[in-house]
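We will go from one selection to the next.

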Amino acid sequence: MIACGARTREALPGAFTFRGSEDSDAVRALLADARAGRFRDLVFALPGGATWALPLYELALLTAADLAAHGATGVNVTLATHEEAPLALFGPAASEAMRELLEARGIALRSGVYPAAVEAGRLRLVPEGSLPADRVLTLPRLKGPFIAGVPHTDEGFIQSDAFGRVEGAPDVFAAGDVTAFPVKQGGIAAQQADAAAEAIAAHAGAAVSPRPFRPVLRGLLLTGGVPRYLRAEMGGGHGETSTAATEPLWWPPGKIAGRHLAPFLAAWTGLAVPPAPPLGSGAVEVEIDLAARESPQQGP
Amino acid sequence: MRGFEVRLERLSRRLRSSNGSPASSTAVRIPYVPCFVSPSRTADVTLAPSVGERVINLDQIPCGGVELADFPQPESVPLPMPALHPRRDDPRMPGSTYAVVWREGNARARVGKLELAPRHLLLEGAAPRSHPSRRRLPYDALVAVRVGHGAEDRIEGRPTLVLERTAGRAIRISTIDGPGTLHELAERVASAMSIEQTDPLGRSVRRRSGERLRVLIAGGGVASLEAMLALRALAEERVAVELLAPESHFCYRPLAVAEPFGIGEVHRFELAALASAGGARLLRGALTAVDARRHVARTGRGRSSATTSC
């Protein structure tokens, strides 16, 4: 099974590309400059070809929350995206929730445009227009690893079927970002891996009826306040399955919703389980002595 | 009703009483919640007073009536499956009987009949001056079937159908009706083996005694670890899994966005430890090429594990 991921590449000339932990210091420096009023216009830009937009929205929301918390009101924050609606992949319910969040944080939304390049303090947009942009933060594009001997797309991704089988390569499977499936996300990768694992397990003689990959998006959105749990099935339709909630929609409620990996990691360290929400008015935490068999009933 | 009424609320790992009256003594440890409580509601469960343990394993708490929360799983859809009922040309059609002479290893030849049953073939016969015997050979216990023309394969000068088995000596069968019947029988047995040893996707199932399917998973990220755990859960000891990755650690990268704001951090897990816990062996290296026909994966140095960042 080929599951060796994808490679990142710069997507927007002149912008700062956030790839992960290695760029945390740079974002901290950007925040410090913003708090100190060293620039005025900050744009979070989703480039064409980047299908997993959630981290960019998180960075925008967290930045706005941070600036508000530090009383830095002089920075204009804008999010520019080629999507027709924010987080459109998750459907209308998520887009509506996202619009409200952006508005509440004072983030301007410019949708339906393709950020093309940063030039002379402006972000050029396609098909037309530009935005004032002293700083631009974006996400990388991905390209495949070009594994030799395996059929792949022009960008190096591997074509596989709903059971993870690689076309033209018997007994070879693929899952995750390395595949040509356009949405590159941990939960999707896990679902692909599950489909492939079931097919392989059946091949090994296990009593398993392999089920094909049917993508369901699950996204835990960090907002700087109460997180949002977003869910959508990618089977077409008109957004009926789009859900946005402040309560977990899956278990464990981690960032990566993998059937086997998520509970495994949760059991391993507990990291995937966010802190318990504040206690409700009608609930009080207690300790129970289970050895006290004759204790009176605890009830209203 | 005696007992404590507790509430699993908001998927937290806490037990709370419904009226807030605390009981004394030590804490209850909940290692893991095996039943997934709907996050949008609370689920009331009752611990009977007969549960007199200091540590509750929630497996002991009935999950009846508790809604299942959403969980990452693909929906089931119809798959091409082998026919449930034999077709007319199905080699497993019962009632197919041949007059044969058969021999197991170097033992004496026996004269009798061969019957093709849905999941096995049955040999019945007797050697001269011996008691009749029966041999039942499941199709999934056969490794190979061929027509043997060599001297060592022949019985009374006639070519035989040679059945190689996962365990035990080969069985050679000659038909009394002539070579045409032998080839017909060979085709039907081979076809029966193919169906019986084929998974729902139409792929050959490996069931040789003691043989484990070797699975190489290239990568040290979410997909590879999920596949490793899924294979261990589904196929158990039928597979021997190796994880090939250039990195030394698995990084929980989605939390990277939280790091600059001090509200989270990327957690790093030693891949060797995860692989060990998942019943896999970790190999260091990066996949560079695959020779599918020869079942060979080629590796390179890949990214240096020492410099690979989370």
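Begin by selecting B:Glu236: this residue follows helix 2 of chain B and has a positive phi, near 50°. Helices (H or I, at least four residues) and strands (E, at least two) are DSSP runs, numbered from the N terminus. You are looking at a predicted model, where local features need pLDDT of at least 70, side-chain atom pairs count only at pLDDT 80 or more, and totals for chains, interfaces and linings use all residues. Residues are numbered from 1 along each chain as its sequence is written, while chains are lettered from A and ligands numbered from 1 in the order in which they are written.

Now select residues 222–235 of chain B, which form helix 2. The end C-alpha atoms are 19 Å apart, in agreement with the 20 Å that its 14 residues should span at 1.5 Å a residue (the expected span is 1.5 Å times one less than the number of residues). Because 12 of the 14 residues are buried, helix 2 of chain B is largely enclosed by the rest of the structure. Buried means 20 or more other C-beta atoms within 10 Å of a residue's own, exposed 12 or fewer, and partly exposed in between, with C-beta atoms placed from the backbone.

Next, pick B:Ile217. Leaving out residues up to four places away in sequence, B:Ile217 touches A:Met1 and A:Ala3 among others, as well as B:Ser224, B:Ala227 and B:Met228; contact means C-beta atoms, placed from the backbone, within 7 Å.

Finally, select chain A, with its 5 helices and 14 strands. Of its 300 residues, 50% are buried.

Technical notes:
Two residues are in contact if their C-beta atoms, placed from the backbone, lie within 7 Å.
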